[in-house]
Amino acid sequence: MPETSTRPAFHGFEQIPLREYAERAYLDYSMYVVLDRALPFIGDGLKPVQRRIIYAMSELGLSATAKPKKSARTVGDVIGKFHPHGDSACYEAMVLMAQPFSYRYPLIDGQGNFGSADDPKSFAAMRYTESKLTPIAEVLLGELGQGTVDWDPNFDGTLEEPTWLPARLPHLLLNGTTGIAVGMATDVPPHNLGEVVSACVRLLDDPDASVAELCEHIRGPDYPTRAEIITPAADLRAIYETGSGGIRARATFVREGGNIVIDALPHQVSPSKVIEQIATQMRAKKLPWLEDIRDESDHANPIRIVLVPRSNRVDVDQLMGHLFATTDLEKSYRVNLNVIGLDGRPQVKNLKAFLSEWLQFRADTVTRRLRHRLEKVEKRLHLLEGLLVAFLNLDEVIHIIRTEDEPKPVLMHRFELTDVQADYILDTRLRQLARLEEMKIRGEQDDLDSERDRLIATLGSRVKLKKLLKDELLADARKYGDDRRSPLVARGAAQALAETDLVASEPVTVVLSGKGWVRAAKGHDVDAAGLSYREGDALLATAKGRSNWQAAFLDSRGRAYSTLAHTLPSARGNGEPLTGRFSPTGGAEFRAVVSGENEHRFVLASSEGYGFVTRFENLTSRNKAGKAMLTLPSHADVVQPAAVTALDSDRIVIATSAGHVLAFPLSELPELDKGKGNKLIEIPKAKRATEKVIAIAVVPEGGKLSVVSGARTMTLTWKDLDAYIGARASRGSLLPRGWQKVDGLDVAG
């Protein structure tokens, strides 16, 4: 019988567990995103798409001195030869490198609409714009053809592209970058070229220099805008020591007459967005200090936002501090020096590790350049040596060439030439064999000999190599360096002002109607009863205060609610129902209103004759359902609270519906946060169904009390009140006949 094979049949595909396939596919994708898309290489500071754009433009001859070409031509070459991805994403990466407000040192010189600081993505289509490289791009490309980089085949294997560019400066620190990979991200801020070179030179001179010593040169990031960097120096140093942290930048402003002119915004902040943020606060009446905002930006002044204060008394520093805290006029930036190192692995590096590794990259690049040049020099010297032999034996060389069928081996044998030298002699034109050529050959030999000696000496000495690195860095710094743009200014964090601080302090009278409608009238001399009310409605209570105070309301269940007085509607109309702001429960109705600041004190009382002193802050609540404040006995109601002037000298006066009045020192009442309080006046049990406390008043020492009865008013002086003085919780004394129907009490100073 034939042997049966035990091998599984192959059906043209491989069967593996889904878990294993998904894990492998996701890891492959993750590594691609990390290494070939999102994170930059420390050597040239570029992501692959950026590197391919720069290289493709150099291959198209688009140097800084050339005539620009359509951007579509460059994008076509990039995606057709090196980067098989979407043209829009490629063009956007190209535009970013051309925007002077995005890149500290732009690599591309764009002609046409390449966006604006107000809207960086408003650039024209690539068929409309033209571009070429900027002069500083030479720093990345100048040594490309000098054996300094490795070359890889492109995506279809028809061309080769550089694995990296031979950057002469640490470009990643100069222009910075951002990127989001899988499980990691990078945020490298831009820096000043001169400061970075200075730090590199310091590290070359002193390899043991600490991060703190390097920070003497690199004091902080340098963004393309002139906004201030307000992060303290200690925090900046901590960022460079760890490789991560946060930086805060703040807009700058000047005063022109009575106006405030914002002349610089933080990096990547849109002027229109800032204007909209400020205008939104103005429309919401949260910026009463500002009268107007104007955008006067133009070509001469790219950023000019004019703020017009309401008056010269406005505290400009306080106002700007509030705007810094509530708008993008102050912005924080994340720093994460996560880059792909020379070992091909992503890692967060501190400043010293970053510069040390880049200097190693630069040293390796220069070494490769010098060796490449040395090989070319030695090759040229070898050719010149053979040429000189031929020149000195010119007649014999010509005779061999004329008479021999294969002159090359004869020449090699006769004059001991190498294959390369023989080919070079045979390829030499007759015009180069003139009499003066011997001098040129010997002169070139001398020059090349000297250059070879210098190259060998430099390659063999770390000191000379280090000096060469330093000289080249300093030369580029002199050529491309500029002054710092972002000033470093130590400032405290901005604080948003409380809403009450932003409101002008003006006298107002809060008016509450019987049906719970509220409004605020300007001033304290307001005839509240004479205001217009809705049909069937009338005045219930008023409270004098200021526009930047809060108003508190008590309902028939003893719960307290509060809101800012300046947010209440004007008294020119009927106001608005409090049920639109608050949510009283159980059918409760609003019964009283007071206004004050947190430290002000008021006496709260119920119609059953109980009460206590409390601070105004206890009446405030952010809850729409209010807070429990005054505990009311059954069938009791809230009495309009009375404001306290001085706890140790004021008198409290209580009046009942039966005409009984009691006065005693306010100091006899307890101060509570909430509750029922102590008994104020005695109401006999038999009369509790008919007799209630109508009103309370707190009379300051030397003050006067007005007793309102119908249309009549009786005034009692401080001395007159002596007749009604009694012990707390006593019955008090009756008012004179005809005045015993009390409608209210009013205090005069």
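Modeller: This is a predicted model. Let us begin with Ser-634, which sits in the loop between strand E26 (627–628) and strand E27 (638–643).

Biologist: Why is Ser-634 called exposed?

Modeller: Its relative accessibility is 57%. Exposed means over 50%, so Ser-634 counts as exposed.

Biologist: How far is Ser-634 from Asp-537, in sequence and in space?

Modeller: The two are 97 residues apart in sequence, and their C-alpha atoms are 26 Å apart in space.

Biologist: What makes Glu-195 a buried residue?

Modeller: Glu-195 is found in helix H7 (residues 193–205). Its relative accessible area is 11%, and the cut-off for buried is under 20%, so Glu-195 is buried. Leaving aside neighbours within four places in sequence, Glu-195 is in contact with His-217, Ile-218, Arg-219, Gly-220 and Arg-484.

Biologist: And which helix does H7 pack with at an angle of about 80°?

Modeller: H7 packs with helix H12 (residues 351–392), and their axes are 10 Å apart.

Biologist: Why is H7 called roughly perpendicular to H12?

Modeller: The angle is about 80°, and angles from 65 to 115 degrees count as roughly perpendicular. H7 is therefore roughly perpendicular to H12.

Biologist: Which residues meet there?

Modeller: From H7 come Ala-199, Cys-200, Leu-203 and Leu-204, and from H12 come Lys-352, Leu-355, Ser-356, Trp-358 and Leu-359. By class, the contact of H7 with H12 has seven nonpolar, one polar and one charged residues.

Biologist: Let us turn to another pair. How do you know that H2 is roughly perpendicular to H4?

Modeller: Helix H2 (residues 48–59) and helix H4 (residues 87–96) pack at an angle of about 80°, with their axes 10 Å apart. The range for roughly perpendicular is 65 to 115 degrees, so H2 is roughly perpendicular to H4.

Biologist: What residues make the contact, and of which class are they?

Modeller: H2 brings Val-49, Ile-53 and Met-57, while H4 brings Cys-90, Ala-93 and Met-94. By class, the contact of H2 with H4 has six nonpolar, no polar and no charged residues.

Biologist: Which residues of H4 are buried, and what do they pack against?

Modeller: In H4, Cys-90, Tyr-91, Ala-93, Met-94 and Val-95 are buried. The buried residues of H4 pack against H2, helix H3 (71–82), strand E2 (108–111) and strand E3 (130–133).

Biologist: Why is Lys-408 called partly exposed?

Modeller: Lys-408, in helix H14 (residues 407–415), has a relative accessibility of 23%. Buried means under 20% and exposed means over 50%, with partly exposed in between. Lys-408 therefore counts as partly exposed.

Biologist: What is Lys-408 in contact with, leaving aside its neighbours within four places in sequence?

Modeller: Its contacts are Asp-419, Ala-422, Asp-423 and Leu-426. Lys-408 and Leu-426 are 18 residues apart in sequence and 7.7 Å apart in space, C-alpha to C-alpha.

Biologist: What is the phi of Gln-268, and where is the residue found?

Modeller: Gln-268 has a positive phi of about 65° although it is not a glycine. Most residues other than glycine have a negative phi. Gln-268 is found in the loop between strand E11 (259–264) and helix H10 (271–283).

Biologist: Is Gln-268 buried or exposed?

Modeller: Its relative accessible area is 55%, and exposed means over 50%, so Gln-268 is exposed.

Biologist: And what makes Ala-729 partly exposed?

Modeller: The relative accessible area of Ala-729 is 24%. Ala-729 is found in the loop between strand E33 (712–716) and strand E34 (733–734), and its phi is near 75°, a positive value in a residue other than glycine.

Biologist: Finally, what does the protein look like as a whole, in numbers?

Modeller: The secondary structure comes to 18 helices and 35 strands. The radius of gyration is 44 Å, whereas a compact globule of 749 residues would have one near 27 Å. The C-alpha atoms fill a box of roughly 155 × 95 × 50 Å, taken along the principal axes. Of the 749 residues, 46% count as buried.

Terms used. Residues are numbered from 1 along each chain as its sequence is written. This is a predicted model: local features need pLDDT of at least 70, side-chain atom pairs count only at pLDDT 80 or more; totals for chains, interfaces and linings use all residues. Side-chain values use heavy atoms; hydrogens and water are left out. Axes are lines fitted to C-alpha atoms, for helices over the stretch in contact, and angles run from 0 to 180 degrees between N-to-C directions. Helices (H or I, at least four residues) and strands (E, at least two) are DSSP runs, numbered from the N terminus. Angles under 35 degrees count as roughly parallel, over 145 as roughly antiparallel, 65 to 115 as roughly perpendicular and the rest as oblique. Contact means heavy atoms within 4.5 Å. Ala, Val, Leu, Ile, Met, Phe, Trp, Tyr, Cys and Pro count as nonpolar, Asp, Glu, Lys and Arg as charged, and the others, Gly among them, as polar. The radius of gyration is taken over C-alpha atoms; the globule rule is 2.2 Å times the number of residues to the power 0.38. Buried means under 20% relative accessible area, exposed over 50%, partly exposed in between (1.4 Å probe, protein chains only).
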